[in-house]
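Thanks for coming, everyone. Let me put the model up, and we'll walk through it piece by piece.

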Amino acid sequence: MALEYDKKDCFIVEGKLALPYSYFAGRVGSTFITTLRDKKKIMGVKCPVCNKVYLPPRQTCERDLTDIRDNWVEVQPAGEVINFTVVRYDDKYLPRKAPFVMALIKLDGADTPIVHILDGVSPEEVVIGMKVEAVFSSSPTNNILDIAHFAPKKPEKVYVSQRKVSAKEKEGGQPISDEQKLKQERRKEMSKKVIITAALSGAATMKNQNQAVPYTPQEFAEESYKCYKAGAAMIHVHAREDNGMPTHDHKRIKDTHDAIKEKCPELIVNLSSAVGMGKTPEQRISQILYVKPEIASLNTNTMNFSIVDRKTGKVFIDFIFENTFTMLQDFGKAMEENNIKPEVEVYDLGGLDNWFLIAKQGFFTKPYNFNFVWGVAGGMEFRPDMFMVMKHAVPEDANFTTCGVGTEQFPAVTLSCMVGGHMRVGLEDNIRIPTGELAKGSYEQVEWAVKIAQILGKEPATPDEAREIMGIKKQ
Amino acid sequence: MANRVAICAVAQIKNDPNLWHARFQNMLLECFEGIISQTNVSFDMEKGIRTVLTCSDDVWDARTISDNAITDVVGAHFRGEEKIAQESLNGLGYAMACILSGHDDIILYMGHMKESQTESRGMCTNLAFDPFYCRPLGMDFVNVNAMQARAYMATSCINEEHLANIVVRSRKNAKKNPYARNNAIVNQDDVMKSPLLSDPLRELHYYPTTDWAFGMILCNEKRAKEFTGKPVWITGFANCIDSYFLGDKDLTSNFTLKNATERALKKAGIKGLKNNFELYELCDHAAYQLPMWAEGIGIIKDGDGGKWISEGGLDECNINISGGMLNGNPLLLGGAARVIECFYQLRGEADKRQVKGAKRALAQSTYGAAGQHQAVVIMEV
């Protein structure tokens with residue numbers, strides 16, 4: 001019964017239909033799309049005979065055939081979910097990775113619901129009747145995605161002048177406790193503190209660029225001490241062999257860590273989990289677990305991490321810095337399980353979103369600490385606008401610091417300090433001071449960072465204050 | 001009552017998950033030869049087939065003018081040729097128009113679809129939506145049907161057990177149908193634990209990827225006896241289309257199916273379904289559609305779907321004895337598969353699944369998202 005043809009030498013032609021086209025949206029559709037795009041207004045048309053408000057708009061009422069093309073009415077950008085599904089398969093034409101919610105949403109002022117994507121709520125929490133509002137796209141798409149998606153409607157805004165001291169007081173309950181008051185005051189006090197980190201070496205800065213780059217444990221200890229005296233609370237370490245090569249050797253790294261702690265027990269030592277080029281995931285994480293520092297770097301995306309001539313664009317060394325989701329997950333988990341605070345290294349927004357995705361697993365403990373890294377060849381150049389986007393993208397109660405390669409170092413840390421973040425300097429990122437002269441050591445950059453903090457009305461945090469801010473348990 | 005048209009012969013290949021080793025031309029040729037050997041119909045321009053009608057779709061065939069690839073194997077060269085890229089049951093309406101207008105005595109009607117050819121069925125059905133209001137959202141027939149399922153299940157008290165029972169029964173019935181896709185027998189638990197596809201639809205609630213082809217000969221009343229001693233008569237046909245935008249319609253109203261059924265019955269001169277039909281073949285792309293379309297054609301009252309399934313209504317009314325579209329027919333051809341099952345049943349040729357005393361049957365098909373287009377045909381012996 002079934003067709004059973006000879007299956008020998010059958011050739012399957014793999015093909016693809018790809019057909020660029022243009023499509024006139026129609027006069028009614030054109031008005032709808034351009035008004036949505038340019039004015040962030042959602043327009044329907046109302047039939048004067050049956051009073052039905054159609055969305056999407058159209059030329060004719062299909063019920064009574066009335067010409068309604070010019071009878072525009074603005075509908076509200078908010079409404080309620082009347083039906084939904086959770087799309088649980090992935091495909092190239094779908095606008096989201098599964099699972100995502102597709103919903104029929106009836107906007108206030110419209111009679112016909114429209115289909116759209118509902119974000120900002122987990123699929124399990126979607127219910128029919130839920131109030132939602134449009135989130136407009138920040139860049140034009142020229143189609144219905146000029147409404148980027150819908151999201152649960154936020155409660156009405158309460159102005160500060162109308163706000164009571166606390167929710168409990170508003171309900172006539174007890175005012176906040178003394179302990180809570182103390183905590184609030186402490187938080188206010190700490191907001192004046194800025195944590196200065198010195199990254200002494202990195203994996204690539206060599207003595208032939210700046211003599212002060214430390215290689216031996218003793219040199220690390222001496223440099224760290226100078227930075228501490230200048231105002232640093234934390235030292236970021238990529239350990240080196242005597243010949244300057246970055247190393248994953250457990251003993252060498254521990255010796256370097258211990259030498260710093262011996263010379264200056266107060267300092268926080270932040271170990272790199274990147275180590276240097278060409279290290280395996282195992283080599284990268286095992287040394288962290290062996291040394292157990294108080295804090296360690298956790299990288300968020302696989303990226304180009306190259307050496308490219310900034311003036312000519314010539315590529316000197318091409319390198320892929322591998323940080324898969326699995327590594328982000330496994331390294332992060334291992335650190336949290338061993339009481340090592342991750343410092344989340346963010347080279348671009350995608351990396352931050354990678355962290356958010358993995359963070360859904362729930363193993364990262366608050367407060368979160370991010371480092372925005374600028375100027376890596378393969379990452380992003382420092383742009384103040386983008387810095388603010390990153391600041392707004394991290395959770396409100398998270399800490400952030402920043403570092404920038406070369407001349408981006410000081411502009412980046414200045415902005416960070418100005419908007420409530422922390423600062424990382426050091427020869428890893430830049431071998432010079434803002435005057436253009438070679439830095440005498442990382443400590444000289446720390447001195448500059450302290451000046452910036454003072455100008456901006458901040459004080460360098462002591463290591464213990466830094467621990468309190470970053471949620472580090474002293475070991 | 002309108003004039004009637006005969007279906008004199010049908011031919012088909014077995015529904016298959018992936019006929020990669022057969023071109024759709026091969027699939028059609030098998031059916032074509034089946035038709036010729038049963039009827040000895042000729043291609044004489046006076047007394048034979050003057051017009052060939054085919055059913056296929058450009059997107060699914062990955063070429064435009066999809067009929068161009070097959071006109072030779074279906075004998076269409078040097079005569080009238082027409083294609084419908086619409087649900088196949090509507091081809092019967094087209095054939096009736098050719099015949100009842102007197103322009104043709106005989107219509108050869110062939111259809112094919114290889115769903116396995118495409119990387120993604122969803123990518124194809126996403127293209128059914130307009131490029132700026134709907135398509136960018138990723139709408140396809142599965143996720144839109146899922147929203148209809150949610151709405152319908154609420155109004156007709158359909159639960160997970162009901163849906164599971166429909167799937168279990170479909171697989172069981174299909175085992176008695178030699179042309180049905182070979183699928184594993186499943187139990188209620190298998191269905192209820194099958195992964196969610198698009199809530200509330202689960203993978204097993206949805207018809208699987210299928211390749212298939214068919215052929216049939218339709219003829220006017222006068223000449224039917226030249227080709228068969230047992231014609232099956234089409235006495236009524238109607239279709240109806242609903243609004244395009246999903247939000248414009250009540251997803252549970254069955255407006256279009258009610259409209260099409262009413263008109264088809266009227267043409268056939270039949271007052272109501274009760275005691276007038278021995279079987280029904282309904283186009284269930286997804287399990288929830290079986291009770292929903294049963295409500296639409298009027299076997300049961302609106303809202304009674306859940307109760308009816310619990311009370312064994314599907315077996316009592318002989319719904320989808322073939323296994324239905326749910327067991328696997330390709331999109332576009334579900335309607336032809338329904339008609340062909342009714343044809344066998346009414347001729348008493350349905351073997352192990354034969355409904356005793358079948359004299360009249362109703363076949364239904366649907367196309368578009370959430371039952372937008374509906375078609376109904378009444379068949380009698």
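Start with helix α8 of chain B, residues 255–268. It has 14 residues and reaches 20 Å from its first C-alpha to its last, close to the 20 Å expected at 1.5 Å a residue. Keep in mind that this is a predicted model.

Which residues of α8(B) are buried? They are B:T256, B:L257, B:A260, B:T261, B:A264, B:L265, B:K267 and B:A268.

What do the buried residues of α8(B) pack against? Three elements of chain B: β8 (232–241), α9 (289–297) and β11 (373–380). Just after the helix comes B:G269, with a positive phi of about 70 degrees.

Next, the cores. The largest nonpolar core has 168 residues. Among those with the most contacts inside it are B:L28, B:F214, B:I217 and B:V377. Helix α5 of chain B, residues 141–155, supplies the largest share of this core, nine residues. B:A95 is also on the list of residues with the most contacts in the core. Leaving out residues up to four places away in sequence, B:A95 touches B:L53, B:I107, B:Y109 and B:L218. There is a second, separate core too, of 80 residues. That one includes A:A198, A:M303, A:L328 and A:A449.

Now, where the chains meet. The contact takes 38 residues from chain B and 38 residues from chain A. Look at the side of chain B that touches chain A. The elements giving two or more residues to that side are α1 (24–39), α4 (121–126), α5 and β5 (196–198) of chain B. Which of them gives the most? It is α5(B), with five residues. By class, this side of chain B has 22 nonpolar, 10 polar and six charged residues.

Last stop, a sheet in chain A. Three strands form an open, antiparallel sheet in the order β2-β1-β3. Strands β2 (53–54) and β3 (72–75) of chain A are at the edges. Each has a single partner strand, so one side of each is left without a neighbour in the sheet. Strand β1 of chain A, residues 42–46, is joined to β3(A) by four bridges, and the two run antiparallel. For one pair to find on screen, take A:G44: its bridge partner in β3(A) is A:V73.

How values were computed
Residues numbered from 1 in each chain as written. Chains lettered and ligands numbered in written order. Predicted model: local features only at pLDDT ≥ 70, side-chain atom pairs only at ≥ 80, totals over all residues. Core = buried A, V, L, I, M, F, W, Y, C linked by C-beta atoms within 7 Å. Buried ≥ 20, exposed ≤ 12 C-beta atoms within 10 Å, placed from the backbone. Contact = placed C-beta atoms within 7 Å. Nonpolar A, V, L, I, M, F, W, Y, C, P; charged D, E, K, R; others polar. Pairing = 2+ DSSP bridges. Expected span 1.5 Å × (residues − 1).
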